[in-house]
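User: I've got this model open and I'd like to know what stands behind the labels. Can you take me through them?

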Amino acid sequence: RKPASIHGAVRASDGSPVKNASMWIKGHAGEMEHSAHGRNGEFEISNVPPGTYTISATTYNLPVTEFGSVVVTVTGSDLDDVALLTKPGLRVDGRVKINGQPPREFMRSVLFHRQDGNMAFSSVSAELNDLGSFVAGLLPGSYKILFITGGTTPKTTVEADGRPLPNLTLKIEDSSKPTMLSIILEFQSTP
């Protein structure tokens with residue numbers, strides 16, 4: 001049996017074509033694993049050997065990141081018209097303060113790194129506005145919260161909905177309720 005190509009469409013939850021999507025294809029029996037890109041609502045993945053695969057997509061340029069996946073079976077013939085519909089991730093709102101102030105230019109994003117081995121959605125970056133606020137969309141799962149602090153290790157306090165997060169690990173459950181994060185970084189002032 002010969003490798004095939006998979007052609008399809010990526011649509012956002014509102015039905016519109018996704019302009020830019022990061023995609024991942026992974027074989028259920030370890031046949032293949034690599035990234036791809038969706039552009040202007042369409043995608044193509046070439047040289048896919050026979051097998052069953054999950055194709056996943058993460059959207060960009062939407063107000064909140066959306067995620068989606070579809071399972072396909074390749075038998076040696078090209079697959080056309082594969083439809084992949086994304087849906088919004090669970091909303092995480094947050095605010096970062098450094099020594100009681102918004103981070104300004106010191107820190108521009110917070111990274112949520114997936115801890116459960118789901119390579120399709122391994123990390124999500126949330127950009128901070130000038131007040132230190134951010135919004136992220138995450139799939140259910142466990143995430144380590146990471147940020148770059150310029151080489152100095154601050155005292156860090158992170159709370160989700162008013163509860164401390166041990167080891168900077170956020171667990172997102174399948175729920176429609178948004179999560180509110182508070183990230184406080186305190187640096188020792190130098191004499």
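User: What is the mean pLDDT of the protein chain?

Analyst: pLDDT is the predictor's confidence in each residue, from 0 to 100. The mean for the protein chain is 82, and 86% of its residues reach 70 or more. Where pLDDT is low, the predicted coordinates should not be read in detail.

User: Why is asparagine 167 called exposed?

Analyst: The cut-offs decide: buried means under 20% relative accessible area, exposed over 50%, partly exposed in between (1.4 Å probe, protein chains only). Asparagine 167 has 61%, so it counts as exposed. Its phi is near 60°, a positive value in a residue other than glycine.

User: And is asparagine 99 buried, exposed or partly exposed?

Analyst: Partly exposed, because its relative accessibility is 44%. Asparagine 99 is in the loop between β9 and β10, and its phi is near 50°, again positive in a non-glycine residue. For background, most residues other than glycine have a negative phi.

User: What makes phenylalanine 112 and phenylalanine 134 an aromatic pair, and why tilted?

Analyst: Rings of Phe, Tyr and Trp (its six-membered ring) pair if their centres lie within 6.5 Å; planes under 30 degrees apart count as stacked, over 60 as edge-to-face and the rest as tilted. The centres of phenylalanine 112 and phenylalanine 134 are 6.1 Å apart, with 55° between the planes, so they pair, and the pair is tilted. By this rule the count comes to one aromatic pair. Phenylalanine 112 lies in strand β10 (residues 109-114) and phenylalanine 134 in strand β12 (residues 133-138), so the pair ties together parts that are 22 residues apart in sequence. Phenylalanine 112 is buried, at 0% relative accessible area, and phenylalanine 134 is buried too, at 4%.

User: How do you know that β5 and β6 pair?

Analyst: Two strands pair if DSSP finds at least two bridges between them. Strand β5 (residues 51-59) and strand β6 (residues 66-74) are joined by eight bridges, so they pair, and they run antiparallel. Threonine 58, in β5, stands opposite phenylalanine 67 in β6. Threonine 58 is buried, at 8% relative accessibility. Phenylalanine 67 in turn stands opposite lysine 87 in β8. Threonine 58 and lysine 87 are 29 residues apart in sequence and 9.5 Å apart in space, C-alpha to C-alpha.

User: What makes β7 and β8 edge strands?

Analyst: Eight strands form an open sheet in the order β7-β1-β4-β3-β2-β5-β6-β8, with mixed pairing. β7 and β8 each have a single partner strand, so one side of each is left without a neighbour in the sheet. On the β8 side, two bridges join β6 to strand β8 (residues 87-88), antiparallel.

There is also an open sheet of five strands, β12-β9-β17-β14-β15, again with mixed pairing. The edge strands there are β12 and β15, each pairing on one side only. Two bridges join strand β14 (residues 155-160) to β15, and glutamate 159 has proline 164 as its bridge partner in β15.

User: How many residues line the second largest pocket, and what makes a residue part of the lining?

Analyst: On a 1 Å grid over the protein atoms alone, a pocket is an open set of points with protein on both sides within 12 Å along at least five of seven lines, where a 1.4 Å probe fits; lining residues have an atom within 4 Å of a point. The second largest pocket holds about 230 Å³ of space. Its lining has 16 residues, and the closest to its centre are Asp161, Arg163, Lys171, Glu173 and Thr179. β9 (90-98), β15 (163-164) and β16 (169-172) each supply at least two lining residues.

Technical notes. Residues are numbered from 1 along each chain as its sequence is written. This is a predicted model: local features need pLDDT of at least 70, side-chain atom pairs count only at pLDDT 80 or more; totals for chains, interfaces and linings use all residues. Side-chain values use heavy atoms; hydrogens and water are left out. Grid points are joined across faces, edges and corners, and a volume is the space filled by probe spheres set on the points. Helices (H or I, at least four residues) and strands (E, at least two) are DSSP runs, numbered from the N terminus.
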